Amino acid sequence: MDLSYGAEAEAFRKEVRVFLTESWQPGERRGSELKQFAGDFRRSAIDRGYLYRSVPKRYGGSEQPVDVIRAQVIREEFGKARAPMEVGGNGVNMTVPTLLEKGTDEQKDLFIQRTIEGEYIWGQGYSEPGSGSDLASVRTKGELSPDGTKWIINGQKIWTSQGMQSTHMFMLVRTEPDAAKHDGITYLLMDLDQPGVTRRPIRQMTGEEGAHTFCEFFFDNAEAPVAWQVGERGQGWYVSRTTLKHERASIGSADGLGSQFRKLVELAQEMGRIGDPLVRDRLAEIEGRVLSHRYTSFRLFSCAAAGEDPGRVHLMMKLLLTEIGHDVALLAQDLIGEAGMIEPAGAGGRGPRGPRGPNKWLDQIMGSLGNSIAGGASNIQRNIIGERGLGLPRDLAMAAEK
Amino acid sequence: MRFHLSEEQVAIQDAVRGTLGDCWGMEQLHKFAGGDDDFDPASWETLMSLGIGGLALPESEGGAGLGLLDAALVCEVAGEKAAPGPLIGQILTAIAVANCSDAETRNLLPRIASGELVSTLALDSDLVQSARAAHLFLTDDGAGGLRLIEAGDGVTIEAVIATDRSRPVSRVQFGDVAVHPICAAGDPLVQRIRDAALVLIAADALGGAQHCTDISVDYAKERTQFGQPIGRFQGLKHQLAQMALDVEPSRALVWYAAYAWDANLPDATRAAAMAKAHLCEVYTRTTRAAIASHGGIGYTWEYGLNYWFRRSVYDRAWLASPAQHRARAAELAGW
Ligand SMILES: Cc1cc2nc3c(=O)[nH]c(=O)nc-3n(C[C@H](O)[C@H](O)[C@H](O)COP(=O)(O)OP(=O)(O)OC[C@H]3O[C@@H](n4cnc5c(N)ncnc54)[C@H](O)[C@@H]3O)c2cc1C
């Protein structure tokens with residue numbers, strides 16, 4: 001084993017550093033000036049092959065050969081320099097890879113560049129009031145217009161993250177009511193700026209409301225061009241399962257977890273509890289899991305770099321991260337003590353500066369609960385580990401469903 | 001950058017697994033557990049014939065030129081099979097002697113590496129595995145250094161009923177004994193050997209925990225109740241998933257600790273403490289969950305799961321408990 005990235009990667013790292021020193025000097029720029037500067041910076045980073053590496057040049061990407069180590073070096077160096085990276089969000093993480101794999105040329109032309117430049121923001125229109133874990137039961141209805149050029153959509157989507165900012169939605173819609181459950185769904189793209197779409201923010205348990213919460217969407221004869229349908233009619237379920245290859249393997253979430261753990265240790269120090277043997281014991285116990293997650297991320301990353309299958313462990317990463325988040329929350333809640341009785345100003349992303357003081361941990365304490373729900377509830381993760389990972393027989397209810 | 005096993009490392013594990021499988025199954029385990037011996041020459045010779053005694057020694061010392069990581073991979077398989085014999089003591093003794101400067105002690109190395117001299121670990125406790133069969137005891141010198149004690153005169157061995165039937169211990173006292181010095185207090189080798197011991201115990205725990213998970217999953221596919229395999233019931237399925245979630249990611253913790261030791265990284269001592277603490281917790285949880293997941297058969301002697309449970313008791317207590325190592329890890333982090 002060897003955790004160094006090798007001479008070639010280190011030479012590349014130097015090159016990236018030189019670029020960053022020369023090109024990312026935001027200085028005193030603020031507001032729109034900073035935004036402009038960041039935009040120009042991103043464009044030159046794309047020219048150098050540092051961002052949007054899996055996106056072809058004609059769609060605004062830098063079209064680089066797959067190289068997870070280079071991608072990681074870039075993330076590390078950009079992170080250290082606090083330089084703008086890819087815009088992130090559902091659009092870059094889900095829409096773009098899906099379109100690259102399954103989209104038509106017209107769809108790629110229309111959407112990819114505008115998405116990576118941050119002009120189009122995508123909501124994920126999967127969940128409905130009646131369909132969450134059982135996603136393939138979606139009922140939002142799509143019917144062809146009489147001239148066959150448009151899908152007419154009626155129904156409701158819910159829990160859409162970034163819904164208030166979204167300009168577009170990728171969604172699962174039932175278009176073949178008579179077909180078997182998984183074979184009656186079509187994957188559509190929709191412009192949300194139209195009369196048939198109503199959106200409403202839903203206040204979250206964190207107290208968050210307004211622009212930054214998840215939303216619900218009502219569709220009343222909303223329209224999506226048939227040309228914006230991704231994949232075959234009725235095949236939307238399978239389009240949504242498109243595995244996203246590219247350079248997904250990264251140790252980004254491990255770095256995030258590591259810095260969260262360091263902050264937890266700092267919290268224990270600030271609160272004068274770091275000498276308490278019970279606190280030290282719990283910290284070290286949590287760190288055992290944090291490090292397991294970190295080194296397993298290295299393992300996945302190493303397998304990806306070598307083009308080898310890491311096996312079932314990759315199915316465990318989401319649940320592992322969720323559970324560690326709960327452990328962190330429980331200890332943080334002990335540590336902040338009475339401070340937890342006062343909700344900090346700016347909690348839940350409200351306010352310009354974000355919360356200060358020990359009670360700012362309320363954000364993590366409550367937010368960690370979202371992880372056991374969003375992106376597949378923890379029980380669903382356990383089903384996946386048990387059935388796909390360990391080869392246990394499928395649940396009868398689900399095996400028998402039509 | 002490489003942080004997964006090489007083909008060669010997988011092959012080493014497969015070879016040890018295959019070889020042990022041929023000579024150490026449930027039948028032998030039961031027989032050994034029911035007998036009076038604290039050592040099984042047949043399986044020992046088989047393991048030693050694979051060169052495991054000298055695995056972590058440089059080629060110039062007649063070893064395989066591999067590292068602690070490779071030794072840990074072997075100990076993992078030993079844990080999986082609940083293999084007898086002081087494998088961890090043997091490997092550590094070989095490393096210690098190869099790194100010592102006492103010429104007379106070093107003369108023993110070829111016979112240690114070949115497994116002809118059996119050496120067991122007698123550190124921090126008077127409960128010592130395979131004490132009656134051992135030729136050598138790797139122990140401290142009372143002042144913080146390390147030494148080897150020769151079996152025979154001055155070594156008093158008192159029988160006890162050992163909890164871990166796969167690695168029976170006895171109570172050992174050292175009186176006026178024949179000694180081979182290894183190193184004095186303050187020599188970095190002392191800490192290196194202690195760290196390596198923790199890594200190898202963690203590896204044994206990993207192998208045992210993985211084995212308990214695997215047989216529980218297999219059983220859940222075969223056993224039927226209510227007209228279906230019990231593994232279909234979500235309650236059990238989720239318990240099994242949780243066991244796998246506990247074990248599989250912690251594998252990388254053992255790899256890291258062994259790698260840190262091999263590369264002599266600054267955090268090697270702490271990594272060893274974390275690995276020992278975490279894996280022994282995992283092992284305890286997993287053996288308990290495995291027995292529960294089997295129902296009545298799991299509670300029997302005959303089925304044999306108890307051997308791994310008992311082994312988890314040994315690994316957990318050996319060279320200090322998880323909580324003690326977490327306290328060390330906290331100290332080492334400067335908290
Ligand atoms: C913060 C946040 C952001 C989100 N963002 C989005 C988004 O952008 N777009 C989007 O489409 N959705 C989003 N969601 C929705 C999320 O995907 C769903 O909430 C999730 O899939 C669970 O569905 P549900 O809420 O209907 O709960 P249910 O499916 O009703 O689950 C309720 C409980 O039942 C359990 N359960 C359900 N089925 C099973 C089963 N087969 N076996 C065992 N237990 C089961 C679950 O584990 C859970 O504990 C978001 C949710 C949250 C919390």
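Start with the ligand: one of its nitrogen atoms is 2.8 Å from a polar backbone atom of Gln124(A). A polar contact here is a pair of N or O atoms within 3.5 Å; within protein, one must be able to donate a hydrogen and the other to accept it, and residues adjacent in sequence count only if both atoms are side-chain atoms. The protein covers 67% of the 970 Å² of accessible area that the ligand has on its own. Those areas come from the Shrake-Rupley method with a 1.4 Å probe, and for residues only the protein chains shown count as cover.

Ground rules. This is a predicted model: local features need pLDDT of at least 70, side-chain atom pairs count only at pLDDT 80 or more, and totals for chains, interfaces and linings use all residues. Residues are numbered from 1 along each chain as its sequence is written, chains are lettered from A and ligands numbered from 1 in the order in which they are written, and side-chain values use heavy atoms, with hydrogens and water left out.

Back to the ligand. Where does the ligand lie? Between chains A and B. In chain B, the side chain of Gln234(B) has an N or O atom 2.7 Å from a ligand nitrogen. In chain A, an N or O atom in the side chain of Asn379(A) is 3.3 Å from a ligand nitrogen.

On to chain B. Helices (H or I, at least four residues) and strands (E, at least two) are DSSP runs, numbered from the N terminus. Strands pair if DSSP finds at least two bridges between them.

One open sheet has four strands, ordered β1-β3-β4-β7 (chain B), with mixed pairing. Its edge strands are β1 (119-122) and β7 (179-183). β1(B) and β3(B) pair in the parallel sense over four bridges. There, Leu121(B) has Leu138(B) as its bridge partner.

The other open sheet runs β2-β6-β5 (chain B), antiparallel. β2 and β5 of chain B each have a single partner strand, so one side of each is left without a neighbour in the sheet. In β6(B), Ser170(B) stands opposite Val128(B).

Notes: A residue is near a molecule or strand if one of its heavy atoms lies within 4 Å of it.
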